[in-house]
Amino acid sequence: MLNFKINSNEIDKIGKFTKEEKYFRLKNLNHFNDIGFPNKRNEDWKFSDLKEIVSKNFNKLELKLEKSKKPKIDFIKDFEHNYIVIINGELTYSDFKYEEKDKIKLQPFINEDYSDSKKHNPLLNLNHALSDKGYFLDVKENYKFKKVLVIYHLFTEDLDENILNSKNKIKIGKNSELHFLEFTINESKKNFFNNVYEDIILEKSAALKSIYLQNDKSFGYFHKYSRNSLSSDSNYTSFIFPTGHKFNKLDLEFNLEGERSECNLQSASFLDDNVHQEVKTRVNHLFPNCKSYQKVKNVLNAESKGVYQGKIFVKDVAQKTDAYQLSKAILLSELSEFDSKPELEIYADDVKCSHGSTSGNLDKDSIYYLMTRGLTKKESTKLLVNGFLNEVVDSIKSNSIRNFVKNKLENQFINEY
Amino acid sequence: MLEIKDLNASINDKLILKGLNISIKPGELHAIMGPNGSGKSTLANVLSGKEGYNISGELNYLGKSLNEISIDERAQKGIFLAFQYPTEIPGVNTSNFLRTSLNKVRKAQGKKEIDALSFLKLIKEKTTELGMDEKMLTRQLNVGFSGGEKKKNEILQMKILDPNLIILDETDSGLDIDALRIVADGVNSSRDNKKSFLVITHYQRLLNFIKPDFVHVLSNGKIVKSGNKELAIQLEKTGYKGIN
Ligand SMILES: Nc1ncnc2c1ncn2[C@@H]1O[C@H](COP(=O)(O)OP(=O)(O)OP(=O)(O)O)[C@@H](O)[C@H]1O
Ligand SMILES: [Mg+2]
């Protein structure tokens, strides 16, 4: 059993800090050391016992990591784009060749918020204590990006039972618009742990579209906590394709903090082998006339496990809320498992909230029909699975990006089936 | 072409086919009529290779037993079933599906895959022949198709896959008079001295358009009477009770 306790001098190794920051880090470190990795007794982790998962799969967790040489990136050629390159969580270089430079600020992340030290998620405490990398992208007011931004996340070959803690922040100014693709490229061959804290802020009437996609498989254990704040009239559309890592938990919080703000989240996953993946959402409707939409689709093969925990919270003042949530899962194997826990907590009376959850096997009659037309059982299954997941991909508006995503998903994952 | 001897089929411990015999030679068209629940669709399903049935008796196709042959292999060998109730399949594009299916069948028969252009030409020709809107093929397979459109889509697949043994399970039910004529013409233009048809129907009317060589009455899991087209006309008058 791995006993992962961290000495407080690890904080000093990161750098010199103000008294206030040092105290913040120390306090969070103590919280983490008290509890360690969360286990299933923690309600938020009841379907993903991380303590057990980590102790089963890691001998150690190394905090130190030599800076790797600048690896070559295989840039996407399918569409023109700006880019940022992040290597093992660290901001390395960027190119905004299609944009007005003075409208964009990009810098390594510096945390100035020392308010969060609650004991709700030990991984957050760990991140607050030890985070030493990340970026801050600031899009100024009244600026619409001309081309998409690709954020390349590269994980290098020399990773070996390392744990990476990073913090990223993206702020979209008033009336501004950004579309980005967060694209993970993996070169690592061994286990590692990637613990990310993300802060996304949409100011008034800002628009953001994002896609989260993995290029290849990894032995990575990923956890991301993402806090998304939406001001009035802002709009956030997010497509997530989390599959690719051994373990991935996306803990996404959307705060609708201004009237008429809207968030739209769609997810599609094909889980294979003994992959464990969780999407957890919490949408907080805090103001009137806001809209939220969530659709989460999972296909589970072999011994994989998928989890969806989705909570919609509607504050008493948030009248005319329109909230929708749907989870659909298909189990291809008897050894796979899917858990879903939808939750509604509503304090306003004039709201439209609906949620639904289905999970089951592929429709036998559909397979039979396709087979009578000469397709094998496997081909029929593949066609149906593709059809099921492509419904999400098909909502991506840009042709070139949609086709890119489709190809990636079909090649890397579904074709392995 | 097809030789069925003493076929028994049961599902969920319910015996449905009880010693059925039929023999179909190349070029022949056989019609099967029979009351609801007599086992017509069950026979069609069993011929297609559908799983879940307990089967005994002989089932020979082109001189070989079908016993160990899977659903997809039967299709590749030229057995085609037009369904009584075609399945709606969300997320699967009709045209892509048709092409995948055609290429599977072609490949199994040692032909090379059809290229995109020839496929489009083929589709255009066949949809026009059947009075179908080509745009329907950009939709999800059978999803939201009207009853008649679904049936036409089955005949379209038959025309494209060009099978040897064609089983039509109540393809005429739910078709309007014009559509019935078009579908019948579609069947007639496919007839030649190599293909065989097994046409399941409730209505003598269809047999005015498609001339059967033989008519069989299936009742309670057995063929109780066989004859020519006159039998269908007689049935129309007397109903099934007048048989035996
Ligand atoms: N899976 C099943 N389990 C139990 N009974 C079944 C099953 N499938 C069919 N049957 C029964 O077998 C009998 C024959 O059904 P079948 O569908 O072959 O009839 P049919 O002749 O095609 O009728 P119709 O003219 O109404 O289409 C019916 O009594 C039906 O209820
Ligand atoms: Mg029937």
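Visitor: Before the details, what counts as a salt bridge here?
Guide: A salt bridge is a side-chain nitrogen of Lys or Arg within 4 Å of a carboxyl oxygen of Asp or Glu. The model discussed here is predicted.

Visitor: Which residue of chain A forms a salt bridge with B:Glu51?
Guide: The partner of B:Glu51 is A:Lys377, and their closest N and O atoms are 3.9 Å apart. That pair qualifies because the cut-off is 4 Å.

Visitor: How many salt bridges are there between chain B and chain A?
Guide: There are 3 salt bridges between chain B and chain A. Over all chains, the structure holds 41.

Visitor: What about A:Arg227, which side chain does it meet in a salt bridge?
Guide: The side chain of A:Arg227 meets that of A:Asp199, at 3.2 Å from N to O. A:Arg227 belongs to strand E10 (residues 220-230) of chain A and A:Asp199 to strand E8 (residues 192-202) of chain A, so this pair ties together parts that are 28 residues apart in sequence.

Visitor: Back to the two chains. How many residues does each give to the contact?
Guide: Chain B contributes 28 residues and chain A contributes 17 residues. The area buried between them is about 1,800 Å², with 65% of it given by carbon and sulfur atoms.

Visitor: Which three residues of chain B supply more of its buried area than any other three?
Guide: They are B:Ile71, B:Asp72 and B:Phe83, which supply 25% of the area that chain B buries against chain A.

Visitor: At what angle do H5 and H6 of chain A pack?
Guide: H5 (residues 364-371) and H6 (residues 377-393) of chain A pack at about 120 degrees, with their axes 9 Å apart. H5(A) and H6(A) are therefore oblique to each other, and their crossing is right-handed.

Visitor: And in chain B, how far apart are the axes of H4 and H5?
Guide: The axes of H4 (residues 116-129) and H5 (residues 147-161) of chain B are 10 Å apart, at an angle of about 135 degrees. The crossing of H4(B) and H5(B) is right-handed. H4(B) brings B:Leu122, B:Ile123, B:Lys126, B:Thr127 and B:Glu129 to the contact, while H5(B) brings B:Leu156, B:Lys159 and B:Ile160.

Visitor: How many of those are charged?
Guide: The contact of H4(B) with H5(B) has 3 charged residues, along with 4 nonpolar and 1 polar.

Notes:
Residues numbered from 1 in each chain as written. Chains lettered and ligands numbered in written order. Predicted model: local features only at pLDDT ≥ 70, side-chain atom pairs only at ≥ 80, totals over all residues. Heavy atoms only, no water. Axes fitted to C-alpha atoms, helices over the stretch in contact; angles between N-to-C directions. Helix = DSSP H or I, 4+ residues; strand = E, 2+ residues; numbered from the N terminus. Parallel < 35°, antiparallel > 145°, perpendicular 65-115°, else oblique. Left-handed = near helix turned anticlockwise from the far one by under 90°. Contact = heavy atoms within 4.5 Å. Buried area = accessible area lost by both parts, 1.4 Å probe. Nonpolar A, V, L, I, M, F, W, Y, C, P; charged D, E, K, R; others polar.
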